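Dear colleague,

Please find below the structure that I am handing over to you. My notes on what was found in it follow directly after.

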Amino acid sequence: MSVNFQLGGNWKKIHKKTWEALEKKDYKGAIAEIKKSTWHKQTPKRSNDFIKAISKLK
């Protein structure tokens, strides 16, 4: 939810590789993509919260 709030509902189009990894349940790949993003550099608290949420997925 906070990802949509901060980045907007179209974040999936902006962060395509992250979204594609999530759809494939490649959570390590999604996390790697987030860590490479400008979003992560600009707002590490929020992006780290997203990373923690992804880390809990199986």
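**Helix α3 and its surroundings**

In helix α3, the residues that are buried are Thr-18, Ala-21 and Leu-22. They line one face of the helix, because their directions fall within an arc of 100° when α3 is viewed down its axis. On the other side of α3, the exposed residues are Lys-16, Lys-17 and Glu-23. The cover over the buried residues of α3 includes α2 (11-14), α4 and α6. Please note that all of this refers to a predicted model.

Lys-25 sits in the loop between α3 and α4. With a relative accessible area of 60%, Lys-25 is exposed, since the threshold for that class is over 50%.

**Helix α4**

Which residues of α4 are buried? Helix α4 spans residues 27-36, and its buried residues are Tyr-27, Ala-30, Ile-31 and Ile-34. These residues are on the same side of α4, because the arc that they cover around the axis is only 100°. The face turned away from that buried side carries Lys-28 and Lys-36, both of which are exposed. The packing partners of the buried residues of α4 are α3 (16-23), α5 (38-42) and α6 (44-55).

- Tyr-27 belongs to helix α4. Its relative accessible area is 17%, so Tyr-27 is classed as buried, the limit for that class being under 20%. When neighbours within four places in sequence are left aside, Tyr-27 is in contact with Leu-22, Ile-54, Leu-57 and Lys-58.
- The C-alpha atoms of Lys-28 and Ser-55 are 7.9 Å apart, although the two residues are 27 residues apart in sequence.

**Lys-45 in α6**

Is Lys-45 buried or exposed? Lys-45 is part of helix α6, and its relative accessibility of 59% places it among the exposed residues. Lys-45 and Glu-20 are 25 residues apart along the chain, and 23 Å separates their C-alpha atoms.

**The chain as a whole**

How many helices and strands does the protein chain have? The secondary structure consists of six helices and zero strands, so that the order of elements from the N terminus reads α-α-α-α-α-α. The radius of gyration of the protein chain is 10 Å, which agrees with the value near 10 Å that a compact globule of 58 residues would have. Along the principal axes, the C-alpha atoms fill a box of roughly 25 × 20 × 20 Å.

Of the 58 residues in the protein chain, 29% are buried. Among contacts with a separation of 6 or more, 33% are between residues 24 or more positions apart. The accessible surface of the protein chain is about 4400 Å², and carbon and sulfur atoms account for 55% of that surface.

Yours sincerely

Technical notes. Residues are numbered from 1 along each chain as its sequence is written. This is a predicted model: local features need pLDDT of at least 70, side-chain atom pairs count only at pLDDT 80 or more; totals for chains, interfaces and linings use all residues. Side-chain values use heavy atoms; hydrogens and water are left out. Helices (H or I, at least four residues) and strands (E, at least two) are DSSP runs, numbered from the N terminus. The radius of gyration is taken over C-alpha atoms; the globule rule is 2.2 Å times the number of residues to the power 0.38. Buried means under 20% relative accessible area, exposed over 50%, partly exposed in between (1.4 Å probe, protein chains only). Contact means heavy atoms within 4.5 Å. Accessible areas come from the Shrake-Rupley method with a 1.4 Å probe; for residues, only the protein chains shown count as cover. The arc is that of the directions from the helix axis to the C-beta atoms.
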